[in-house]
Amino acid sequence: MLEKLLLFVREAGEFALENQKEVSFKTSRLKSANNQDVVTETDMEISRRFQNFMADNFADLDYIIVDEESIADLGADPMTEIKRHEWAFIIDPIDGTLTYSNQLPYWGISIGVFRKEEPILGVLFAPALKLLVYADERDAFIEENGTPRKLKKLTDAASLYINHCFNGKDLDQRDRMNIVPFDCYSVVVNAIYVITGQARGMAARDFLWDIAGACSIFARVGVETYNSKTGQPFNLFDSEMFTKELRIRDPNISCLPKYHADFRKIFKLD
């Protein structure tokens, strides 16, 4: 299954890279109508291709595909509908639409595979950066420029931290704690930096499909995801954690357990 998913994501990445050439970053800091069309078409086409890919390769499985395009098909209680199936394939075809539409390289494709709510496989691909991170049921791997290597469990990380959701005014302790704020505006790219130890952790508040692929890989390298409100480990399949649109209600923090207390101090959560 993993090899087929990697083949799909590589092909989808090449397709998205070609389409990115059609956007104009000169129009505006934000997305113009033309750029919006290109991004939406690319997103929807990758979603459509994934539907066909699953039908061609895994028709014998009891699966559900979850992405932004399919949310309307999940009914009034989407999490219950997801749990009805043995397998959940959660995909974000283009994560980082703002950076994608401005021809920046900080965007990616995310796929998380779960069986009975347990993470089985995860794939994060940043095509423009030539970074591919993935995990099977035991280990995590990274490919840089096509060369794969196994990732070890993290014991430490760089001082960079990624803030994708908290207001800057809450960060007045950052100098004392010697931690540098940063954000790539893409959960895929942000998560890759956390998984490889290039960032101490990340704070984010997005949708289920934004974080699912990363969550499938975090556990393989020792990273835990916490609910910022309760301080408890984040449960990806807890209906209370999400709105009916599958947006995460409270920001989450992903880091090594030993850094969790520091993050809570930085963001004034205690």
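Biologist: Which element gives the largest share of the lining of the second largest pocket?
Modeller: Helix 6 does, with 3 residues. Helices (H or I, at least four residues) and strands (E, at least two) are DSSP runs, numbered from the N terminus. This is a predicted model, where local features need pLDDT of at least 70 and side-chain atom pairs 80 or more, while totals for chains, interfaces and linings use all residues. Residues are numbered from 1 along each chain, and side-chain values use heavy atoms, without hydrogens and water.

Biologist: How much space lies in that pocket?
Modeller: About 300 Å³. A pocket is an open set of points on a 1 Å grid over the protein atoms alone, with protein on both sides within 12 Å along at least five of seven lines; a cavity is a set where a 1.4 Å probe fits but cannot get out, and lining residues have an atom within 4 Å of a point. Points are joined across faces, edges and corners, and the volume is the space filled by probe spheres set on them.

Biologist: Which lining residues are closest to the pocket's centre?
Modeller: Of 14 lining residues, those are Pro119, Cys215, Glu224, Phe234 and Leu236. Strand 4 (118-126), helix 6 (208-221) and strand 11 (224-227) each give two or more residues to the lining.

Biologist: Is Cys215 buried or exposed?
Modeller: Cys215 counts as buried because its relative accessibility is 17%, and buried means under 20% (exposed is over 50%, partly exposed in between, 1.4 Å probe, protein chains only). Cys255 is also buried, at 0%.

Biologist: How many disulfides, then?
Modeller: The count is 0, a disulfide being a pair of cysteine sulfur atoms within 2.5 Å.
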